[in-house]
Structure formats: C-alpha cells, structure tokens
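Keep the structure open alongside the text.

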Amino acid sequence: MTLKKIAVLPGDGIGPEIMAEAVKVLQALDLPLQLDWADVGGKAYETSGHPLPPATLKLAQEADAVLFGAVGDWKYDKLERALRPEQAILGLRKALGLFANFRPAICYEQLTHASSLKPELVAGLDILIIRELTGDIYFGQPRGRRTAVDGHFPGAEEGFDTMRYSRPEIERIAHVAFQAAQKRNKRLTSVDKANVLETSQLWKDVVSEVQKSYPDVQLDHMYVDNAAMQLVKAPKKFDVVVTGNMFGDILSDEAAMLTGSIGMLPSASLDANNKGLYEPSHGSAPDIAGQGIANPLATILSAAMMLKFSLNHADAAARIETAVQSVLAQGLRTADIWSEGTTKVSTREMGDAVVKAITTAKTIK
Ligand code: IPM
Ligand code: MN
C-alpha cells in the first residue's frame, strides 16, 4: 500500500477538539498514512498574520487529501474581509479547484427523535446535497462598495456582489450530480431560481442538456423557495439535489437540521480528480469551544469519506461507519444528540468509543 499524505488543519473554536478524535480514529486503522498539521483560520492569523498562510496552502496542495476542522470566531469580525478566518476555507476551495461539495443528510435510526420534525417524516432519511463550490455570488466579480448612481437611492452608499455561472462550470457539476444519482436511486432535483435570475435560467438549461447523457436518471427542477419548503414538508421525496453555491449553502444547513444534529454530518469537497477536502458540515462553534462537549462524529465521518473518495481505502471507511453505528447503538451521545435514557459523553469519550468499536471489530474478525 502506498503512503498517503493527509494535511490536517484543525482551525478554530471546537476544531482542535474534534480533529483530535478524528486523528485518533485514523491512527487506530493501521493504514500507511502520513499526517501533517498546519494552522488555518483565526489560529493562523494569530500565528502568521494570514488565515491561509502560504505554508498551509502548500501543505494542502501537496497532500493527497485535506482533513479540515472549522474556522471562525466572532472576535475576528472586525478584521478586513481578506484576513477573516472564513477566507481560509474559501481560499482553499478556490486554490484547490474543489468545485463539487457533497453534503449527505442522513438520519440515523437511533436519532430519529432528535430531529425537529416528526419522526415519521425523517425516519430513514438519506439525501445528498451536491453544492457547486467555486462559483456563483461567492466568487463573482465585480463586488465591492460604491456610491449608487441609480436605483432607489442614487448617491447613497451601496454594497454589490455579482452572481454568475458559466456553462462549463454548470456542466461539470451537473455531470458529478448525475453520476452520483446513478449510484443511488437515480433521481436528481436541480434547484434554482430561474423564474427570476438569468444565472439560474442558464443553470436550468444546461442541467437539462446534460441530462441527455444520463437517460436513466429522472431529473426535475425546483425553485429554491419551494425546495426550502419541501425539505421540511416531505424531505424523503428528495434523493440527490444539485444546486449553486449560495442556495446550496442555505439548503444544506436546513437539510442537516432534519437529521437531528448538524454535529453528525460530514462533507467532501472534490476537484476533478477526486482530490478533496473533508470537513464537518458544522462550524467552529466558539460558544462551546474548549468545553469538551462538541460532537466529533461529523469529523470522524468526514475522515471516513476521505478514505473512500480520495485515498482508495473504502474498507477502512466502512469500518469507521460501522463503528459509529455501534457507538450510537450503545446509547452513547454527546450533548447535541443526548435524550432521556441515553448516556451523555464528552468529545473525547465519544472518540475513544469509536476507536474501541474499531479495534474490537478487528479482534473479532
Ligand atoms: C459552509 C460555511 C462557509 C460557506 C463559510 C464559513 C464561508 O458556511 O461551508 O457552508 O458559506 O461556504
Ligand atoms: Mn454554510
């Protein structure tokens, strides 16, 4: 087995705590992995004056995969935008060409009651949101502040951003989404706002064209406002959802919450060659940082996705997933997913339990 290099970027807030558990789990698997750490986000700003220092970017570029914790803290809100922690993740996505973001929303059987929706609406929920990650209003130029020359208040200060998508950008994410749908239930919902936006009309047209190469996949289009509503009305009607950067940001948080806790959900951001950055879907949660109560499972499951998608260790990924199922079945819960009758555990105890489940499974075999 060839040695695979992983750039480990814990970041801010709960990032270091959850990352420590994911690393423990990776090390328990006895795989030929080389882990290299670097600062990112506010932490990197503190140590080297930039949220994504050149050394961190280089490490990420040279690695086979990146395991990312979380970035951000209110204390950096006053910094100029280019120095804020969030620029680290945006910069990594752009620099590494990570245009395809996979955000699965799976409701684990044992957590059905942790959802804010009625159990029958979410039991067995398994949807996949595929979010385009390097285009749209997030990166569109021009953007900035200026004095308005027209509009409702000419002469007033205004902020502006540009929403844009090119045909090739839409084509490549559409191919990724159709191929993902082919591996699942062959249903794809493309989400846009084509009744209002030109970018969305192009999006809809291009996705429909790409569908001709995937006649086995059933495609439907949905406006984003309706999609937001359908997600809470009948989430199980969705299988794979593909959408742009901004709509995907919002809908993936909504979908995550259906599952009971965003603390359970991993994500993968991939380039054209399946090199990827893996991170929990949740943020840095500075309000609970340092307390040892954060749920490490999203990061642990992100490490599993990394093994499967980028490092060619699908078996090891399955071992992690089975171990996570097993700790949930044992009734172990961090605070975010705790309910009456289950055992509350700390971040570290949860990581230890996953490691134990992995090593026990190994000895039984
Ligand atoms: C996410 C986050 C980021 C985003 C922020 C931190 C820049 O919310 O990964 O969903 O908006 O993409
Ligand atoms: Mn988000």
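Helices here are DSSP runs of H or I with at least four residues, and they are numbered from the N terminus. With that numbering, Asn-312 sits in the loop between helix 10 and helix 11.

## Confidence

This is a predicted model. The average pLDDT of the protein is 95. A score of at least 70 is reached by 99% of the residues. The model has an ipTM of 0.99 and a pTM of 0.94.

## Helix 10 and helix 11

Helix 10 covers residues 297-309, and helix 11 covers residues 314-329. They pack at an angle of about 160 degrees. Their axes are 7 Å apart. Angles over 145 degrees count as roughly antiparallel, so helix 10 is roughly antiparallel to helix 11. Their crossing is left-handed.

On the helix 10 side, the contact uses Leu-297, Ile-300, Leu-301, Ala-303, Ala-304, Met-305, Leu-307 and Lys-308. Helix 11 supplies Ala-314, Ala-316, Ala-317, Ile-320, Glu-321 and Val-324. By class, this contact holds 12 nonpolar residues, 2 charged ones and no polar ones.

## Helix 6 and helix 7

Helix 6 (residues 167-182) packs on helix 7 (residues 198-211) at about 50 degrees. The axes are 9 Å apart. Helix 6 is therefore oblique to helix 7. The crossing is right-handed.

From helix 6, the contact residues are Arg-167, Ile-170, Glu-171, Ala-174, His-175 and Phe-178. They meet Leu-202, Trp-203, Val-206, Val-207, Val-210 and Gln-211 of helix 7. The contact divides into 8 nonpolar, 2 polar and 2 charged residues.

## Helix 8 and helix 9

Helix 8 and helix 9 (residues 245-258) pack at an angle of about 10 degrees, and their axes are 10 Å apart. Helix 8 is therefore roughly parallel to helix 9. Val-224, Ala-227, Ala-228 and Leu-231 of helix 8 meet Phe-247, Leu-251, Glu-254, Ala-255 and Leu-258 of helix 9. The class count is 8 nonpolar, 1 charged and no polar.

Helix 8 spans residues 224-233 and includes Lys-233. Is Lys-233 buried or exposed? Lys-233 is exposed, because 11 other C-beta atoms lie within 10 Å and the cut-off for exposed is 12 or fewer. The C-alpha atoms of Lys-233 and Leu-121 are separated by 7.9 Å, although the two residues are 112 apart along the chain.

## Two buried residues

Val-191 belongs to strand 8 (residues 187-192). Val-191 has 30 other C-beta atoms within 10 Å, so it is buried. Beyond its neighbours within four places in sequence, Val-191 is in contact with Met-222, Val-224, Ala-227, Val-241, Thr-243, Phe-247 and Leu-251. Val-224 and Ala-227 also take part in the helix 8 side of the contact with helix 9, and Phe-247 and Leu-251 in the helix 9 side. Val-191 and Val-241 are 50 residues apart in sequence, yet 7.1 Å apart from C-alpha to C-alpha.

Pro-85 is in the loop between strand 3 (65-70) and helix 4 (86-95). Pro-85 is buried, because 27 other C-beta atoms lie within 10 Å. Setting aside residues up to four places away in sequence, Pro-85 touches Asp-12, Gly-41, Gly-42, Tyr-45, Pro-51, Val-71, Gly-72, Asp-73 and Tyr-76. Pro-85 and Gly-41 are 44 residues apart along the chain, with their C-alpha atoms separated by 4.0 Å.

## Backbone details

Most residues other than glycine have a negative phi, and most peptide bonds are trans. Several places in this model call for a check against that background.

What kind of peptide bond joins Gln-141 and Pro-142? The bond is cis, with omega about 0 degrees. Pro-142 lies in the loop between strand 5 (126-132) and strand 6 (144-147).

Asp-30 has a positive phi, near 55 degrees. Its loop runs between helix 1 (15-28) and strand 2 (33-37). Asp-30 counts as exposed because it has 11 C-beta neighbours inside 10 Å. Asn-312 is not a glycine, yet its phi is positive at about 60 degrees. Asn-312 has 15 other C-beta atoms within 10 Å, so it is partly exposed.

Conventions
Residues numbered from 1 in each chain as written. Chains lettered and ligands numbered in written order. Predicted model: local features only at pLDDT ≥ 70, side-chain atom pairs only at ≥ 80, totals over all residues. Buried ≥ 20, exposed ≤ 12 C-beta atoms within 10 Å, placed from the backbone. pLDDT = per-residue confidence, 0-100. Axes fitted to C-alpha atoms, helices over the stretch in contact; angles between N-to-C directions. Parallel < 35°, antiparallel > 145°, perpendicular 65-115°, else oblique. Left-handed = near helix turned anticlockwise from the far one by under 90°. Contact = placed C-beta atoms within 7 Å. Nonpolar A, V, L, I, M, F, W, Y, C, P; charged D, E, K, R; others polar.
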